[in-house]
Amino acid sequence: MPWLSVTIFLPLIGVPILLFWRGIPDPVARGVALLASTTTFVVSLGLLGAFDASTPGYQLVERATWVRSIGLQYLVGVDGVSLFLVMLTTLIIPIGILASGSVTRNVRLFMACSLLLETAVLGAFLSLDLLLFFVFFEALLFPMYLLIGMWGSGRRVYAAVKFFLFTMFGSAFLLVAILFLFSRASGQFGRGTFELTKLQHLSLPPATERWLFLAFFIAFAVKVPLVPLHTWLPDAHTEAPTKGSIILAALLLKTGTYGLIRFNLVLFPEASHYFANAVSILALVGIIYGAIVAMMQSDLKRLIAYSSVSHLGFVVLGIFAFTQQGMSGGVLQMVNHGISTGALFLLVGLLYDRTHTRQLDELGGLADITPLLAGSFMVAALSSIGLPGLNNFVGEFLVILGTFTANRAFGVLAATGVVLGAIYLLWAYQRTWHGPPNERYRGLADLSRVEITAVAPLLVVMLVLGVYPKLLLDRINPTTNKIVQQVQVVRHDQRLLARGGG
Amino acid sequence: MNPTIDYHAILPELILSGTLVVVLVVDVFLRPPRKWLAMPLSFAGVLAAFVATLTLIGADRTTFGGSYHVDPFAVLFKVFFLSVAMIVLFLSLRYFREGRYYQGEYYFLLLSSVLGCVMMPSSRDLLMLFISLELVSAPAFLIAAFRKNDPRSNEAGLKFFLIGVLSSAVMLYGMSLIYGVTGSTNLYEIGKALAGHLGGQETLALAAILFVVTGFAFKVSAFPFQFWAPDTYEGAPVPVTAFLASASKAAGFTGLLQLMFVAFIHQAAFWGPVFAAFSIFTMSIGNLVALQQRQAVRLLAYSSIAQAGYMLLPFALAGHGVDKEAFAAAVTYILIYAIMNLGAFAVVVAVSRKSSALLIADFAGLMRNAPLLALAMTIFMVSLAGVPPTAGFWGKFFVFRAGIDAGGIGIALAVVMVVNSVISLFYYLAIPRQMILVEGPEEPMRSPALVTFVAALAAAAVIAVFVYPDLIAHFPPLSTLVGS
Amino acid sequence: MIRLPLVLFFSAVLFSTGVYGVLARRNGVLVLMSIELMLNAVNVNLVAFSQYVRDIGGQVFALFVIAVAAAEVGIGLAIVILIFRNRESINVDEVSLLKW
């Protein structure tokens with residue numbers, strides 16, 4: 001069974017129904033979208049079963065010629081890095097659909113956008129052809145733009161346009177770099193190709209490689225986002241509807257970190273080493289800056305948005321440590337951040353549906369009124385902080401360990417980021433749920449059954465991954481091991497060259 | 001000498017000529033309420049010409065002593081121009097029927113212009129090129145001024161006319177000099193003559209090329225000869241603008257392609273940089289001015305100037321060893337551009353029934369009032385900006401690829417174009433923003449079935465070409481016009 | 001026999017006069033006449049070259065130019081008359097409703 005293609009394109013089945021059935025009642029539209037996305041999740045479980053944990057390379061590869069005249073292929077495959085990102089995607093989308101009960105306008109378009117997004121994100125995670133990746137990578141912009149712009153709050157149009165332009169700016173240079181690689185490939189192999197595994201063997205002069213690294217890096221750094229390219233993120237997150245925030249945090253940001261591993265490291269190992277310190281410093285700045293700014297926020301959603309900047313800094317730091325622990329930790333953290341922050345955004349959304357405010361000084365004392373919501377938030381916040389026994393702990397530990405062995409100072413600085421994270425999240429928790437209860441909120445309803453169905457899976461996953469991270473690490477490690485080795489070999493070669501030359 | 005004429009090769013042109021005479025005569029005998037029947041009549045003629053063109057696929061025929069050549073390049077563009085003509089006819093029916101216009105004359109003039117377009121890609125002789133170009137332009141001057149009582153339309157016609165005639169005169173002067181230097185008007189022979197030793201006439205030849213290029217630069221609205229386009233586009237009736245922005249512009253480009261890649265190719269080192277400058281300035285000026293527009297047609301006009309800049313880019317790559325690729329990129333871009341642009345104008349025609357001022361603000365709330373049109377328009381705007389999943393992405397892609405393969409200046413040009421594409425997003429997104437994100441008055445909009453059909457068809461085509469770009473990209477490389 | 005450079009010089013002067021007229025004149029009809037001058041410069045060129053390279057093509061070209069020029073002036077006059085009817089002036093500078 002072509003697991004990957006089915007997973008990628010299954011959500012699309014719902015789209016024509018939603019777009020062209022004009023009079024579709026809202027509940028049916030929700031049902032269609034939910035059905036399409038849950039089926040995708042079930043299929044992706046099959047994919048998980050079909051995945052062979054012991055092989056490090058790409059598996060379940062499917063290949064077809066798409067455009068012969070330019071050597072563009074439909075080429076998809078999965079490995080330890082992408083596997084759990086795919087699982088995360090298929091899990092998050094149905095949860096987001098469940099949680100979007102507050103959307104009442106243009107429901108069918110909303111659902112269609114969600115499904116389009118799912119396909120685009122899955123395609124981006126699974127493409128092994130650079131141009132194919134680019135196409136999916138770009139295709140997710142417009143549905144996201146609509147999601148923020150149509151169903152967001154406050155300055156949604158501004159946020160949507162800002163989001164679109166920032167990411168377009170980044171990816172425009174990515175396209176030029178991809179075409180440049182293609183052109184070089186036709187020079188060296190006699191035939192142009194966009195295939196990742198072939199382009200890996202391209203020999204490029206160091207200066208060219210560095211330029212290309214930067215072009216790729218900017219595109220992904222905007223998505224991650226790394227300071228100073230992060231300014232779109234707080235706006236987009238804050239104004240997006242709950243579901244939009246969840247998708248942004250859990251999935252879109254991951255396309256950036258994923259791209260760094262999949263393309264920057266693999267295609268330009270030499271340049272990756274060359275820029276490793278600079279990138280690590282940017283990541284550290286992100287960790288600490290994100291945490292400090294998060295502390296100063298008065299809007300709960302914005303606070304979580306900045307916490308994302310901080311958390312994603314960990315991921316990038318881990319990747320660019322070039323140690324196996326760091327890399328595995330980075331990959332694990334991508335998944336963990338998706339779940340924890342996704343859950344936090346979901347819960348904040350549910351809270352907002354009730355209180356109609358996210359201002360910390362207007363909230364307070366809600367733990368007595370909505371105990372289930374408060375408890376769930378507690379678990380998610382603790383997970384995000386990195387409490388042992390919950391999912392984030394293992395990832396952060398691995399990242400810090402990996403960084404520490406590579407560069408002590410970086411490791412120590414990263415550890416302070418964890419402390420800061422604990423401060424702002426606990427503080428936010430306390431201000432939201434404890435203290436004197438506000439009279440206004442008497443009689444607010446606690447989580448409904450549908451909402452519990454949306455929240456519970458995330459909490460369960462947090463616990464399971466916290467207790468038994470081996471489930472993921474067993475499948476991630478072979479791949480990260482291989483990538484780290486590839487990169488190390490290049491460094492080794494360079495040293496030899498330098499020694500030989502001197 | 002008794003030259004034999006290959007009637008099969010010129011069958012589409014003959015059918016069109018016949019049709020336009022018939023339209024003019026029949027119009028006289030129709031009573032006013034039935035004047036619109038000129039449209040189905042014209043449509044039948046265009047359709048017949050279309051079928052006749054299809055029989056020429058794969059042909060390679062020359063007639064009129066080598067000055068008229070029907071080859072894959074020509075057939076590709078003939079099919080394209082006739083398709084555009086059909087679409088413009090669809091858009092015109094309600095527009096001209098509901099306004100008080102001379103319908104018969106309009107269709108007659110439109111068909112004449114189409115005839116010129118169809119002749120253009122086959123013209124391999126300076127004289128033929130000149131006649132085709134005039135046949136495209138002269139009727140267009142009149143239909144641009146067709147809203148007789150509207151001073152804005154008068155002005156559109158006058159500006160278009162003055163610039164058009166001036167540019168033809170400059171171009172003709174260049175042509176006369178080229179004839180003097182090479183002793184021939186046939187493009188292939190000019191190419192041969194210019195490849196040889198020119199002696200002291202080198203400078204004269206270069207000056208002549210510059211004159212001809214300037215003449216065409218007016219036609220395709222390249223900077224600094226672009227200023228007529230926004231005024232003319234805004235003032236002319238919207239279906240006419242759609243025609244000018246797609247077919248008439250493409251006709252200019254086909255003429256330019258033949259001249260540059262056949263007749264003047266050996267001087268590429270001289271005119272390549274000229275086109276590089278044209279391209280950079282045209283796209284940058286077009287995009288920057290478009291940012292400030294509030295009127296939809298003017299926005300599309302400046303966008304079409306910017307797009308002309310993208311189409312000029314492959315010309316700048318001639319002589320860098322990627323001629324065939326650059327040529328194919330230019331042709332592909334022209335075709336893809338025409339599809340998305342026509343679609344956008346179809347939506348504008350529909351909206352123009354509601355508000356004739358056509359401000360961008362008038363698009364507010366279209367998503368609710370006419371979801372199909374709004375969806376289509378969104379697709380066109382995204383496509384014009386070159387973002388997947390739309391055809392526009394491939395258009396830009398092929399141009400980028402040619403640029404990067406050329407290396408050196410090509411890469412620089414590609415980067416400039418990338419920056420411009422990002423800038424263009426600002427204004428292309430303005431219309432979807434109005435349609436989708438801004439709440440407008442709730443008043444269901446009824447658009448003519450034919451117009452909706454055109455919009456839906458174009459939107460489907462834009463998506464289809466994205467999914468399978470070889471639909472269009474397959475043909476240009478088959479052209480035998482440019483040697484590899 | 002008149003030498004070629006002299007003819008070319010003459011046509012260049014004629015052409016330049018036409019360009020100047022188009023750019024500087026405000027009266028619509030005079031602009032049309034200036035364009036006519038430019039086209040006639042082209043004709044002079046074509047005929048002279050035709051004689052010089054011993055090829056009849058140039059003269060045929062000139063005939064076509066004359067015919068097309070006549071048609072163009074016809075169209076031009078039609079548009080100028082239209083404008084005169086609507087605004088009682090044929091001053092081309094005043095036609096400037098459309099800006100930016």
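Author: Two packed helices are described by the angle between their axes and by the distance between those axes. The model shown here is a predicted one. In it, helix α10 (residues 206-223) of chain A packs against helix α13 (residues 269-295) of chain A at an angle of about 70°, and their axes are 8 Å apart. Since angles of 65 to 115 degrees count as roughly perpendicular, α10(A) is therefore roughly perpendicular to α13(A).

Reader: Which residues make the contact between α10(A) and α13(A)?

Author: From α10(A) come A:Pro206, A:Glu209, A:Arg210 and A:Phe213, while α13(A) contributes A:Glu270, A:Ala271, A:Ser272, A:Tyr274 and A:Phe275. Sorted by class, this contact of α10(A) with α13(A) has five nonpolar, one polar and three charged residues.

Reader: How should I read a nonpolar core, and which residues have the most contacts inside the largest one?

Author: In soluble globular proteins, nonpolar side chains tend to be buried together. Here the largest nonpolar core has 430 residues, and those with the most contacts inside it are A:Leu140, A:Ile178, A:Val316, A:Leu347, B:Ala346 and B:Val462. Helix α13 (residues 323-352) of chain B provides the largest share of this core, 23 residues. To take one residue, A:Ile178 is in contact with A:Leu130, A:Leu131, A:Phe134 and A:Phe194, leaving aside its neighbours within four places in sequence.

Reader: Which elements of chain A give two or more residues to the side that touches chain B?

Author: One begins with the residues on each side: the contact takes 24 residues from chain A and 22 residues from chain B. The elements of chain A that give two or more residues to its side are α6 (130-139), α7 (141-151) and α8 (156-188). The largest share of that side, 13 residues, comes from α8(A). By class, the side of chain A that touches chain B divides into 19 nonpolar, three polar and two charged residues.

Technical notes:
Residues numbered from 1 in each chain as written. Chains lettered and ligands numbered in written order. Predicted model: local features only at pLDDT ≥ 70, side-chain atom pairs only at ≥ 80, totals over all residues. Axes fitted to C-alpha atoms, helices over the stretch in contact; angles between N-to-C directions. Helix = DSSP H or I, 4+ residues; strand = E, 2+ residues; numbered from the N terminus. Parallel < 35°, antiparallel > 145°, perpendicular 65-115°, else oblique. Contact = placed C-beta atoms within 7 Å. Nonpolar A, V, L, I, M, F, W, Y, C, P; charged D, E, K, R; others polar. Core = buried A, V, L, I, M, F, W, Y, C linked by C-beta atoms within 7 Å. Buried ≥ 20, exposed ≤ 12 C-beta atoms within 10 Å, placed from the backbone.
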